[in-house]
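Let's take a friendly walk through this structure, one part at a time. Keep the 3D view open as you read.

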Amino acid sequence: MRVYGLIMAGGSGERFWPVSLPGRPKQLLDLTGTGKTMLDQAIERLAPVAKDGIFCSTSLALKQPIVDSGILGEDKILAEPCKRNTLGALVWSIGALAHKHGDLNFLAAVTTADHLIRPDSAFQETVSE
């Protein structure tokens, strides 16, 4: 069975204003002082368990800044056509993955791009189980 990573990264980061701006959302900021964006860290955490690819679910407004960052290829960015909060984004994204790959026979490890999770190994072990 295929296993994908799905990173939810659609929030506008309003609580981080003025650091987080429309063209520079919180997902693309180094908020932990590691030299890596929050999205970079989420991708690195998921990579060992998402053997069939990592996708980013975001809004249309944030798609271009994420594409411009070069973190993920444009084909790995799922931009929901209209914002419907977390549940709506999740349902739409799973549907988009199913459509992209032709069936629903897959697992998706869903996480967010705005959490500090340590140690990565404990997270990966839990997700693998």
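## The largest pocket

Sorted by residue type, the lining of the largest pocket has five nonpolar, 12 polar and six charged residues. Please keep in mind that this is a predicted model. The largest pocket holds about 470 Å³ of space. Its lining is made up of 23 residues, and those closest to the centre are Gly 10, Gly 11, Ser 12, Lys 26 and Thr 86. Two elements give two or more residues to this lining: strand S2 (54-59) and helix H3 (85-101).

## The sheet

Strands pair through backbone hydrogen bonds, and the pairing can be parallel or antiparallel. Here, four strands make an open sheet with parallel pairing, in the order S3-S2-S1-S4. Strand S3 (77-80) and strand S4 (106-112) are the edge strands, each with pairing on one side only. From one strand to the next, the twist averages 25°.

To follow one of the pairings, look at strand S1 (residues 2-8), which runs parallel to S2 and is joined to it by four bridges. Met 8 is found opposite Ser 57 of S2.

## Helices across the strands

Helix H1 (residues 38-46) lies across S1, S2 and S4, and runs at about 160° to S1. Helix H2 (residues 60-69) lies across S2 and S3, with an angle of about 135° to S2.

Which residues of H2 are buried? They are Leu 62, Pro 65, Ile 66 and Val 67. These buried residues of H2 pack against H1, S2 and S3. Just after H2 comes Gly 70, with a positive phi of about 75°.

## A closer look at Tyr 4

Tyr 4 belongs to strand S1. Is this residue, Tyr 4, buried or exposed? Tyr 4 counts as buried because its relative accessibility is 1%, and the cut-off for buried is under 20%.

Leaving aside residues up to four places away in sequence, Tyr 4 touches Ala 50, Asp 52, Gly 53, Phe 55, Leu 97, His 101, Phe 106, Leu 107, Ala 108 and Ala 109. Gly 23, by comparison, is 19 residues from Tyr 4 along the chain, and the C-alpha atoms of the two are separated by 27 Å.

How values were computed: Residues are numbered from 1 along each chain as its sequence is written. This is a predicted model: local features need pLDDT of at least 70, side-chain atom pairs count only at pLDDT 80 or more; totals for chains, interfaces and linings use all residues. Side-chain values use heavy atoms; hydrogens and water are left out. On a 1 Å grid over the protein atoms alone, a cavity is a set of points where a 1.4 Å probe fits but cannot get out, and a pocket is an open set with protein on both sides within 12 Å along at least five of seven lines; lining residues have an atom within 4 Å of a point. Grid points are joined across faces, edges and corners, and a volume is the space filled by probe spheres set on the points. Ala, Val, Leu, Ile, Met, Phe, Trp, Tyr, Cys and Pro count as nonpolar, Asp, Glu, Lys and Arg as charged, and the others, Gly among them, as polar. Two strands pair if DSSP finds at least two bridges between them. Axes are lines fitted to C-alpha atoms, for helices over the stretch in contact, and angles run from 0 to 180 degrees between N-to-C directions. Contact means heavy atoms within 4.5 Å. Buried means under 20% relative accessible area, exposed over 50%, partly exposed in between (1.4 Å probe, protein chains only).
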